[in-house]
Amino acid sequence: RGNYSASEHRLGPSILGDSTTNNVFRLAQELYQCTKESHIPDIIYRRSIPYLKISVGSEMAMMLRPEGFWVGNVRTIWAHLLLKHDWNRRLANEELNLYRDSDRSSEMDYRIWRDIYLSLKPSLLRICELGNEEAERKSIVPGELKFLWADAIASNLYNLKE
């Protein structure tokens with residue numbers, strides 16, 4: 001339940017049903033010990049846990065080390081695309097749909113999601129800055145966890161996307 005990506009898609013039982021709790025725990029240990037953000041996708045995919053890919057795995061990493069890792073899920077990717085396309089929702093939606101095309105090999109899928117995950121950092125930091133500016137205008141003091149803040153903003157943006 002603590003992992004929104006897993007909970008939203010009811011993946012917990014499938015993840016634990018097709019793997020062992022110990023395997024998921026070892027993944028969490030590796031993510032926690034990771035010193036380079038660029039290794040996060042490799043660690044997640046190398047474990048090869050069914051149903052536990054970049055969305056659920058990167059959320060695990062962020063929960064374990066919120067000061068250094070970010071979530072790479074549909075919401076953060078859409079927010080990244082929104083910035084990339086100068087706030088054009090139609091273009092962000094179109095590009096996101098291309099990424100969600102399921103007619104690919106798992107290796108191709110891995111490369112696409114790895115590259116997208118690694119490209120998110122600057123956009124999420126920008127979203128954090130924009131959120132801080134808005135918070136300041138409303139006399140709200142945001143916390144220190146930039147990627148957690150950016151994820152919350154991305155989730156709200158995504159909920160308003162239509």
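**Helix packing in a predicted model**

Student: Which residues of H6 meet H9, and which H9 residues do they meet?
Tutor: On the H6 side, Val74, Arg75, Thr76, Trp78, Ala79 and Leu82 take part, and they meet Asp151, Ala154, Ser155, Leu157, Tyr158 and Asn159 of H9. Contact means heavy atoms within 4.5 Å, and helices are DSSP runs (H or I) of at least four residues, numbered from the N terminus. This is a predicted model, in which local features need pLDDT of at least 70 and side-chain atom pairs 80 or more, while totals for chains, interfaces and linings use all residues. Residues are numbered from 1 along each chain as its sequence is written, and side-chain values use heavy atoms, without hydrogens or water.

Student: At what angle do H6 and H9 pack?
Tutor: The angle is about 80°, and the axes of H6 and H9 (residues 146–159) lie 8 Å apart. Axes are fitted to C-alpha atoms over the stretch in contact, with angles from 0 to 180 degrees between N-to-C directions. H6 is therefore roughly perpendicular to H9 (65 to 115 degrees).

Student: Is H6 mostly covered or open?
Tutor: H6, which spans residues 74–84, is mostly covered, with 9 of its 11 residues buried (under 20% relative accessible area, 1.4 Å probe, protein chains only). The buried residues include Val74, Arg75, Thr76, Ile77 and Trp78. Ala79, His80, Leu81 and Leu82 are buried as well.

Student: What is found at the start of H6, and what comes just after H6?
Tutor: At the start, asparagine 73 places a side-chain oxygen within 3.0 Å of the backbone nitrogen of arginine 75. Just after the helix, aspartate 86 has a positive phi of about 55°.

Student: Changing topic: how do H3 and H4 cross?
Tutor: The axes of H3 (residues 21–33) and H4 (residues 40–47) come within 10 Å, and the crossing angle is roughly 165°. H3 is therefore roughly antiparallel to H4 (over 145 degrees).

Student: Which residues meet there?
Tutor: H3 contributes Asn23, Arg26, Leu27, Glu30 and Leu31. Their partners in H4 are Ile40, Ile43, Ile44, Arg46 and Arg47.

Student: Where is aspartate 115?
Tutor: Aspartate 115 is located in helix H8, which covers residues 106–137.

Student: Why does aspartate 115 count as partly exposed?
Tutor: Aspartate 115 counts as partly exposed because its relative accessibility is 43% (the class between 20% and 50%).

Student: How far is aspartate 115 from serine 38?
Tutor: Aspartate 115 and serine 38 are separated by 77 residues in sequence, and their C-alpha atoms are 9.5 Å apart in space.

How values were computed:
Helix = DSSP H or I, 4+ residues; strand = E, 2+ residues; numbered from the N terminus. Polar contact = N/O pair within 3.5 Å; in protein donor to acceptor, adjacent residues only side chain to side chain. Parallel < 35°, antiparallel > 145°, perpendicular 65-115°, else oblique.
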